[in-house]
There are 2 protein chains.
Amino acid sequence: MPIVQKHNLLNFTQKVFQSFGLNADDAFICADNLVMADLRGIPSHGVARLQRYVDGIRDGVILPHTRPTIVKETPVSAVIDGQAGLGQLVGHFSTRLAIAKAKQAAVGIVTVRNSNHYGIAGYYSMMILKENMLGISMTNSAPLVVPTFSREMVIGTNPISLAAPAKNRQPFVLDMATSVIPRGKLEVYNREEKKMPEGWTVDENGQVTTDPGRVLNNLIKRLGGGILPLGGEGELFSGYKGYGLAVLVDILCGVLSGGAYADLVDRTIEGKKVPAEVGHFFLALDIASFINPDTFTAKMDDLLNRIQNSAKAVNQNHIYIHGEKEFTFMEKYEKQGIPLQEKVYKNLQTIGQQCQVDFIL
Amino acid sequence: MPIVQKHNLLNFTQKVFQSFGLNADDAFICADNLVMADLRGIPSHGVARLQRYVDGIRDGVILPHTRPTIVKETPVSAVIDGQAGLGQLVGHFSTRLAIAKAKQAAVGIVTVRNSNHYGIAGYYSMMILKENMLGISMTNSAPLVVPTFSREMVIGTNPISLAAPAKNRQPFVLDMATSVIPRGKLEVYNREEKKMPEGWTVDENGQVTTDPGRVLNNLIKRLGGGILPLGGEGELFSGYKGYGLAVLVDILCGVLSGGAYADLVDRTIEGKKVPAEVGHFFLALDIASFINPDTFTAKMDDLLNRIQNSAKAVNQNHIYIHGEKEFTFMEKYEKQGIPLQEKVYKNLQTIGQQCQVDFIL
């Protein structure tokens, strides 16, 4: 597996975005967002997706030169129209706005319509975290998830992220799809020709299947079936809860913003791509408006210690806190470089040629 | 099964609370909260729990005559100290405050410490809903849930509720514990001497067990093991997501309020009950500050219709929207009366005698 240095990967990715006429700052935001995912050990959301953004810009469904506009605003809230721009830029703008409002008025809530894929949800909750605030970030996404008792993908994997600072510990960073697995996991099992566990996906009849190839084929051709919500099939393991959380995300991102939701997000019409109309939701809370920030972080340490120091299940020797694995990856990859899949590495090379950016990795 | 009329049940329950010196209004709030759960087909949180409140008051761990105090406040936020009062009154007070703030300033966020069990989370999100606002309600709770790879109950079933109005449809009311099952389900399986499905609970070693008696015994004696988070055991079905959501709730209810969290909530010390120190979190959003409320509710109808009208899985003929089953129960029980378990009915009779309230049901 090729190993690349963070700095070089950032630099290359930034230049690719600059090749479309973005200024250095905007291009850096987009690059930083993708490289952050790779650094945190989430390669599915990293530079492996660069091609998708390049294609989106080329196909005219991502408009890289528009600026998000404020549709409606109060001292603590805003509705943003992303103007079909790059999700990373729209997300960054909206998160900055939420932070600014929270600094002035304790709370900032920003809901966004007409955006595009914004990368990992945690990027934005961690932007808020950097200000020593409590941050929430959500987005709706392409419909890949089948509600309980349905056999159609009508809802997205709709992730939720919350980031909260601690004192002597790493912060708590939850960043989770509300589906039982991400699409990427399906693809991994398919490549490895492995059967999936029962409870991840349903087939075109809405019945559990362990065959990843079948699900992927159905998914691409939209023949029915798809990924199950967190909690799995039917009601036995409370799959309706994961389904309910996905709807919660759609309400805050899609409905509250006056935008798209459910199967209206990121669709193709008659085989032709149309703007994805993704919606986001950001919340920044100024901790000091609620409680002494030192008390907050001390209590966070204690909460996380209580969990982590609880007795382990047999054959287990570590209880993970959310974000912990990612911070460990980050520390390692920042020192040793980021491993990229051969296929991803070669794809970056191709993108470099397409965009006439020197491939120095 | 005895059938009782809503009015009579409300009246009786109110009088029980009045017997402790509560005024009629406060007693009504407590009664309404419990009867609402029964009406909505959630008997585990209904008058079956009245004894628990009566005992709590008698044992001095619920202080029925204290008033919640505002510890800190901004135009959009507040921290409340529940003063160990009745959770229903603290919750009601705090939700009213969140609503008042949202009316003035678009958003109201209230976090609460030092409260008691507040009943169903949905009671408060629906109070906000009645104002045509978008409402969120969360609470932490007694530690019954085992984090991924642990064998100790360090977190609560920590429910999340979101209520959002629709136009021609019933509103969307999500009200879910972040655990895979509630404790009540364990008790039902134990009474019926049934094996549980694998993935609901772990034993004292942190390994999956299907024996409800064993888990309940461990749970009561706190020998280890307990209920699994939404997503089940280990990482295969993403149990760490349910566990993460439970921590999210604890951060917003327990840490942000400066109160108790994790295994500090609702504990006994050396076999002696101490105040439960429950924390809550309420958020009210004034929809009109974001988007035309008619557009919002029309989009809600469309979102819910898209889901409900999607193709059904084989052998299924109905896709449920969150809150739908509960509204159906409500309509039925308001007309026909509420069925109570024989045991619960008799317990109410006993409470009536204890509290010298006429048992007219």
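Guide: Start with contact: two residues are in contact if their C-beta atoms, placed from the backbone, lie within 7 Å. By that rule, the contact takes 72 residues from chain A and 72 residues from chain B. This is a predicted model, in which local features need pLDDT of at least 70 and side-chain atom pairs count only at pLDDT 80 or more, while totals for chains, interfaces and linings use all residues. Residues are numbered from 1 along each chain as its sequence is written, and chains are lettered from A and ligands numbered from 1 in the order in which they are written.

Visitor: Which element gives the most to the side of chain A that touches chain B?

Guide: α8(A) does, with eight residues. Helices (H or I, at least four residues) and strands (E, at least two) are DSSP runs, numbered from the N terminus. Chain A has 11 helices and 14 strands.

Visitor: What kinds of residues make up the side of chain A that touches chain B?

Guide: That side divides into 42 nonpolar, 21 polar and nine charged residues. Ala, Val, Leu, Ile, Met, Phe, Trp, Tyr, Cys and Pro count as nonpolar, Asp, Glu, Lys and Arg as charged, and the others, Gly among them, as polar.

Visitor: Why are α6(A) and α7(A) called oblique to each other?

Guide: Axes are lines fitted to C-alpha atoms, for helices over the stretch in contact, and angles run from 0 to 180 degrees between N-to-C directions. The axes of α6 (residues 183-191) and α7 (residues 212-221) of chain A come within 8 Å and cross at roughly 130°. Angles under 35 degrees count as roughly parallel, over 145 as roughly antiparallel, 65 to 115 as roughly perpendicular and the rest as oblique. α6(A) and α7(A) are therefore oblique.

Visitor: Which residues make the contact of α6(A) with α7(A)?

Guide: A:L186, A:E187, A:Y189 and A:N190 come from α6(A), and A:P212, A:G213, A:V215 and A:L216 from α7(A). By class, this contact has five nonpolar, two polar and one charged residues.
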